[in-house]
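Take a slow look at the model below.

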Amino acid sequence: MKKLTIAARLGLVNYRNQGRSRAAAHIEVDTGICNDACPHKCTTYMCPANCYTLDEMEQVHFQFEDCIECGTCLYACDQGAVSWHYPDPERGRGVNWSLG
Amino acid sequence: MEEKFDCIIVGGGIAGLSAALMLAKADVRFLLIERGEFCGAKNVSGGVLWGTDLSRLVPNYWKEDGGYERYVNHRRLTFMDEQSAFSLDFKSSHFDVPPYGGVTVLRARFDDWLAGKVQEAIDASAAADESLVATDILVEEILKEGGRVIGIRAGDERFYADCVILAEGVNNLLTRQIGLHESYVPADHVAVGVKEVIRFDRSVLEDRFQLGERSGLTNEFVGFASGGVEGGGFLYTNIDSISIGLVLGMTDLREKKHKPYDILNAFKAHPALTSMLRGGETLEYSAHVVSVGDLRGMPREIYADGVMVAGEAAGLLLNAGKAIQGMDYAMRSGILAAETVVAAKAKGDFSEDILKNYRTALENSYVLKDMRAFQDAVHLLHNPQMFGPVPNLICDFGRQFFSIGNDPTPKAGRMVRTAIKRHSSYWDLVKLGVKAARVL
């Protein structure tokens, strides 16, 4: 089998409200804490959906659109930067598994 | 006051649906709220549902098409180094007899099927018009009055009940909200699971994995599979697909600085795996946090006045090296919580004193008995020897033992000594062996 990139993997995921232009974020990240205080920035490699990324200046960026609600960052972040909620079924994003 | 139920269940996973099925059969009026579009839409597992409780809930479930994927009659534990795979393999027709001791499931299908059984039970119950399963609704708040849980809030709507069963899964925000669990649960007590479901033609799958029409294989992997991170790999056969993935210790993953999906790619590229996966097509990639079965990571209590916590929300899961048991614990705890509700309703008393019986029943069941008995095994699986040195030396021995050359062959004992010297030390292994003999 060919190796799958994370983008190809996420392309297989069904999300809620995919047509919606501005979905409500269910996770909020204070990236100021990530960038100024965090010694490991671990979510940038631990998140299974690559929602946390580092730019060329080593700054952390977060987007919730690809989030598959696994909960990893809820535990991995020990700096208090992650405010984690479940997405609103109507206005939010989040997964809709076909197989699970 | 709006409509009042006997019980509100939060979460349409296995714990919640099992509780609902028991309540429906006992004519209890309940509301089950699921935030997904359907029950199962948000749920991920490896996954094997072990044990036989399913046949208590749905008698003769195996006679139906829906629900499970394959029953397990073939088990394999594989130790891996970079190039080799050394397996313990057990297959038996003892396991071919219903109700079966384990079935593989895909949760979006299985939970949806189980929810159908709940609906059938509601329709047949005396409370048919007063019980319901409601999907697409997110419970945001547990309502309390004078320290007692009295209902839930979803958006602007409030629903009231004599008691609430929280079956919200491992990311138990509501359990935390009412103070039964720490508001921040550290990474030490959880792992992250990543998985792909890979499709094959059914006949290819059955030939390749030596499956019967509905029988299946479970294969766990230790060593190279988890890329040096605490944890392991799994491969389970479904009807026309396999579930392949990893469970990785969260703290160790943080320290080793690996991406879970990169480790999954390396695992899938192992020579023992490539021949199994050839020609497959990935249908879905998924991930979810999973608790590791350490009692220190459990909620501080699993009941309070007017509320009980079931399934993984209560930290009920055990991986003691033989299997990952979580869904069967969810099922049993859902059943026991429902039985507690039925008894409480008969007495007209949903106070803490009565709901404590749920805790007692769980303590007396195999769930908490096993979790307590195998805590040392859970800790043993955190031993770094288990993820590198041990599988490496087992594979080294295998390579020596199964190599047939044209030089004089050393005795097996000498091969073992060579392998130990290369990968570990006698002292470390004796310590590990003594521990393992004691805890397993």
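How many helices and strands does the secondary structure of chain B come to? Chain B has 15 helices and 19 strands. Keep in mind that this is a predicted model.

Now consider the overall form of chain B. Its radius of gyration is 23 Å. The globule rule gives 22 Å for 440 residues, so chain B is as compact as a globular protein of that length. Along the principal axes, the C-alpha atoms of chain B fill a box of roughly 85 × 45 × 35 Å. Of the 440 residues in chain B, 55% are buried. The contacts tell us about the fold too. Take those in chain B with a separation of 6 or more: 73% of them join residues 24 or more positions apart.

Next, zoom in on one helix. Helix α13 of chain B runs over residues 389-402, which makes 14 residues. From first C-alpha to last it reaches 20 Å, close to the 20 Å expected at 1.5 Å a residue. Which residues of α13(B) are buried? They are Pro389(B), Val390(B), Pro391(B), Asn392(B), Leu393(B), Ile394(B), Cys395(B), Asp396(B) and Phe397(B).

Two packed helices are described by the angle between their axes and the distance between the axes. For α13(B) and α14(B), the angle is about 145° and the axes are 9 Å apart. The crossing of α13(B) past α14(B) is right-handed. On the α13(B) side, the contact is made by Pro389(B), Asn392(B), Leu393(B), Asp396(B), Phe397(B), Gln400(B) and Phe401(B). The residues from α14(B) include Ala412(B), Met415(B), Val416(B) and Ala419(B). The residues of this contact divide into 9 nonpolar, 4 polar and 2 charged. Look back at the spacing along α13(B). An α-helix has 3.6 residues a turn, so residues three or four places apart point the same way.

Finally, step out to the meeting of the chains. Here 32 residues of chain A are in contact with 45 residues of chain B. On the chain A side, the elements that give two or more residues are α1 (6-10), α3 (43-46) and α4 (72-76). Which of chain A's elements gives the most? That is α4(A), with 4 residues. The residues on this side of chain A divide into 21 nonpolar, 6 polar and 5 charged.

Notes
Residues numbered from 1 in each chain as written. Chains lettered and ligands numbered in written order. Predicted model: local features only at pLDDT ≥ 70, side-chain atom pairs only at ≥ 80, totals over all residues. Expected span 1.5 Å × (residues − 1). Buried ≥ 20, exposed ≤ 12 C-beta atoms within 10 Å, placed from the backbone. Axes fitted to C-alpha atoms, helices over the stretch in contact; angles between N-to-C directions. Left-handed = near helix turned anticlockwise from the far one by under 90°. Contact = placed C-beta atoms within 7 Å. Nonpolar A, V, L, I, M, F, W, Y, C, P; charged D, E, K, R; others polar. Rg over C-alpha atoms; globule rule 2.2 N^0.38 Å.
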